[in-house]
Amino acid sequence: MSQSTDRVQRYMTNSEEISYQLSFRPRGLLNWIKSLFGFGVTTWYLTDERLIQQTEVGGGFNFQYIPLEKISSVEYGTKLNLPALILGSIAALIGLSGVLSDTSDAGVLFLLIGAASIGYAYYRRRQVLAVSASGSASFSLTISSGDQVDEFLWYIHAEQQKQSEPVLRH
């Protein structure tokens, strides 16, 4: 077991068990270096009672949770890289105007740079998983494409169904 799992288990009740966990580190070289030192890694733990978010920060960790019965929505979708899309569109427009005015070969270069930037923005879309609760609490993760989000969504749906089923006593 990892150190972060041990920390979270100290805050769990005796009957509570972890059904699923999803760890995430933001993309990029700087974030990767920070994660080597234990900073910036976020882990979601799904138990039969609540969703727990634990984030490693300098000198410790942040710990938040949402009881399963308070979860009002789970949203999953993709988000375009807006700065790359805007810069690509501007470069493509500059390139198109340069090609149409026939002033120089720089128009073709700008057109290619614009097309590459727009392609990058489209193909490197970020996946976003957000859980909202009644009230003001909500968790959100921007996830890389290799993570098993469908498993997490299945587990959270199954745990919510368990919460809503009436308990029959004889």
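## A buried salt bridge and its surroundings

Student: Which residue forms a salt bridge with Arg50?

Tutor: This is a predicted model, where local features need pLDDT of at least 70, side-chain atom pairs count only at pLDDT 80 or more, and totals for chains, interfaces and linings use all residues. Residues are numbered from 1 along each chain as its sequence is written, and side-chain values use heavy atoms, leaving out hydrogens and water. A salt bridge needs a side-chain nitrogen of Lys or Arg within 4 Å of a carboxyl oxygen of Asp or Glu. Here the closest N and O atoms are 2.8 Å apart, and the partner of Arg50 is Glu16.

Student: How many residues apart are Glu16 and Arg50?

Tutor: Glu16 sits in the loop between helix H1 (3-10) and E1, while Arg50 belongs to strand E3. Helices (H or I, at least four residues) and strands (E, at least two) are DSSP runs, numbered from the N terminus. The pair links distant parts of the chain, 34 residues apart.

Student: Are Glu16 and Arg50 buried or exposed?

Tutor: Buried means under 20% relative accessible area, exposed over 50%, and partly exposed in between, using a 1.4 Å probe and protein chains only. By that rule, Glu16 and Arg50 are both buried.

Student: Arg50 lies over the face of which residue?

Tutor: A charge sits over a ring if NZ of Lys or CZ of Arg is within 6 Å of the ring centre and within 35 degrees of the ring normal. Arg50 is at 4.6 Å from the ring centre, and the ring belongs to Tyr65.

Student: In what order do the strands form the open sheet?

Tutor: Two strands pair if DSSP finds at least two bridges between them. For instance, 5 bridges join E2 (residues 42-47) to E3 (residues 50-57). The edge strands, each pairing on one side only, are E1 (18-24) and E4 (60-67). The pairing is antiparallel and the order is E1-E2-E3-E4.

Student: What is the bridge partner of Leu46 in E3?

Tutor: Strands E2 and E3 run antiparallel. Looking across to E3, the partner of Leu46 is Leu51.

Student: What kind of aromatic pair do Tyr122 and Tyr123 form?

Tutor: Rings of Phe, Tyr and Trp (its six-membered ring) pair if their centres lie within 6.5 Å; planes under 30 degrees apart count as stacked, over 60 as edge-to-face and the rest as tilted. A search of the whole structure finds 1 aromatic pair. Its centres are 5.0 Å apart with 80° between the planes, so the pair is edge-to-face.
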